[in-house]
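Subject: Structure for your review

Dear colleague,

Please find the structure below, with its sequence.

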Amino acid sequence: MQAEYRQRREALMSKIGNGTAIFRSAPMAVMHNDVEYAYRQDSDFLYLTGLNEAEAVAVLAPHHQEHKFILFVQPKDITKEVWSGYVTGVDAAKSIYGADEAYPINELNEKLPQYLSNADRIYYRFGRDKSFNQTVLNHYQRLLRVYPKRGIGPTAIQDTCTILDSMRMVKTESELALMRKAADIAVEAHNLAFEIAKPGVYEYEIQAEMERIFRKHGALGPAYPSIVASGANSCILHYIENNRQMQDGDLLLIDAGCSYDYYNSDITRTFPVGGKFTEEQKILYELVLSAQKQAIAQVKPGNAYNLIHDTALRVLVEGMVELGILKGEVDKLIEEEKYKPYYMHRTGHWLGLDVHDVGVYQHGEDNPLILQPGQVLTVEPGIYIVPGAKPAEEQPQVDQKWMGIGIRIEDDVLVTATGCEVLTKGVDKELQDMER
């Protein structure tokens with residue numbers, strides 16, 4: 001894997017020319033008082049180094065004569081490691097992670113200028129670590145002050161996302177292997193949830209069994225807080241309380257995935273707790289499923305990304321007009337966004353090291369991003385008839401029979417050379433398979 005990290009660094013350095021790129025590890029997050037959450041590395045930092053430690057900085061300086069890849073890391077400290085776990089240390093940062101040079105993190109301010117002074121710009125993504133943001137700015141401003149005397153040095157700071165995000169969007173075979181593993185684990189968990197869900201069971205019981213499957217197969221845990229939403233809770237997009245006892249007649253919407261070696265899966269299924277859809281639930285389920293299938297059919301190289309959402313949206317709006325949930329001409333309803341009380345989100349997002357992975361969706365208003373092989377995205381249309389929600393202006397009040405029905409169907413989809421591969425196809429979604 002170190003060879004692949006090296007290839008990524010070399011690819012990035014080929015794009016920044018005489019610039020210097022700086023990447024900061026993620027900070028430790030505090031759960032409460034002096035208790036910390038399990039550590040989660042910054043995705044860009046991990047993508048380029050493989051180093052899964054806090055208090056580290058990676059520098060890429062392709063113009064430097066000796067050191068192209070530099071790491072600043074925590075030094076070895078046996079006393080500290082007894083409490084907090086082993087760290088790589090300065091010497092091993094070179095031998096294990098391939099750094100040309102490594103320094104203790106407390107020498108950053110002293111050593112960093114030599115890698116910045118001859119660069120024409122600094123590449124850095126300003127993050128949540130305000131202190132480190134200021135550190136980068138301080139170095140930049142000092143070099144600006146001496147620029148008139150030297151005639152050389154960085155005169156701009158450019159966000160690394162402008163270069164790195166496009167690299168991360170296209171997955172390598174090793175990345176896809178991890179994503180397939182994450183998908184397979186989540187598939188097993190969803191299939192188990194379908195088997196054990198029944199009236200009288202609490203939402204958190206389903207969550208617990210699914211997350212047991214995640215950990216059983218070596219996943220780091222949930223990719224995001226698991227959504228196990230029964231009844232009207234299915235209309236809350238990011239419902240995570242998961243404390244309701246399920247009743248006969250409820251739909252159960254489960255949106256859950258796992259993180260495997262930092263790569264994520266993201267699956268949603270909706271099914272009747274009691275084994276049978278009501279007539280209204282069945283009608284809306286078939287509509288959402290049709291929208292998802294037609295949207296997935298648009299996932300192919302050469303197609304615009306926004307075609308996926310546009311396809312699903314038209315199917316949903318046409319269906320809601322036919323059912324009397326919406327009234328009017330379809331194109332106008334879409335243009336005026338009259339559907340938003342019942343479908344308020346987009347049809348998907350990029351997927352990878354982050355659940356909502358990096359990457360643009362279009363280059364300006366009239367220049368959509370074109371799909372290419374190796375990209376992975378979710379396709380997740382839905383309909384949510386929120387109890388008490390007000391319809392859009394000049395739209396009819398929704399018949400009570402639809403109230404409290406929330407349905408979403410989501411799969412992880414890889415763009416291939418000839419079309420697409422649904423990585424999460426192992427979870428049933430056909431109408432007849434969702435009933436028992």
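At 42% relative accessibility, Asn367 counts as partly exposed; the term covers values between buried (under 20% relative accessible area) and exposed (over 50%), with a 1.4 Å probe and protein chains only. Asn367 lies in the loop between helix 13 and strand 15. Helices (H or I, at least four residues) and strands (E, at least two) are DSSP runs, numbered from the N terminus. Asn367 is 63 residues from Ala304 in sequence, yet the two C-alpha atoms are 8.9 Å apart in space.

Before the remaining findings, a note on the basis of the values. This is a predicted model, in which local features need pLDDT of at least 70 and side-chain atom pairs count only at pLDDT 80 or more, while totals for chains, interfaces and linings use all residues. Residues are numbered from 1 along each chain as its sequence is written, and side-chain values use heavy atoms, with hydrogens and water left out.

Helix 12

Helix 12 comprises 18 residues, 306–323. Its first and last C-alpha atoms are 26 Å apart, close to the 26 Å expected at 1.5 Å a residue; the expected span is 1.5 Å times one less than the number of residues. The buried residues of helix 12 include Ile308, Leu313, Leu316 and Met320. Among the elements that cover the buried residues are helix 11 (279–296), helix 13 (330–335), strand 15 (376–379) and strand 16 (382–384). After helix 12 comes Gly324, with a positive phi near 85 degrees.

Strand 1 (residues 20–24) is mostly covered, with five of its five residues buried. Thr20, Ile22 and Arg24 lie on one side, and Ala21 and Phe23 on the other. Two strands count as paired if DSSP finds at least two bridges between them. Strand 1 runs parallel to strand 7 (residues 122–123), and two bridges join them; the partner of Ala21 there is Tyr123.

Strand 5 runs parallel to strand 6 (residues 101–104), joined by four bridges, and Leu71 stands opposite Ala102.

Nonpolar cores

A nonpolar core is a set of buried Ala, Val, Leu, Ile, Met, Phe, Trp, Tyr and Cys residues joined through side-chain atoms within 4.5 Å. The largest one has 76 residues, and those with the most contacts inside it are Ile206, Ile254, Met320, Leu377 and Ile385. Apart from it lies another core, of 39 residues, among them Phe45, Leu51, Val90 and Ala102. Leaving aside residues up to four places away in sequence, the residues that Ile254 touches (heavy atoms within 4.5 Å) include His190, Ile206, Met210, Arg269 and Phe271.

Cysteines

A search of the whole structure finds zero disulfides, a disulfide being a pair of cysteine sulfur atoms within 2.5 Å. Cys161 is partly exposed, at a relative accessible area of 26%, and Cys420 is also partly exposed, at 31%.

Yours sincerely
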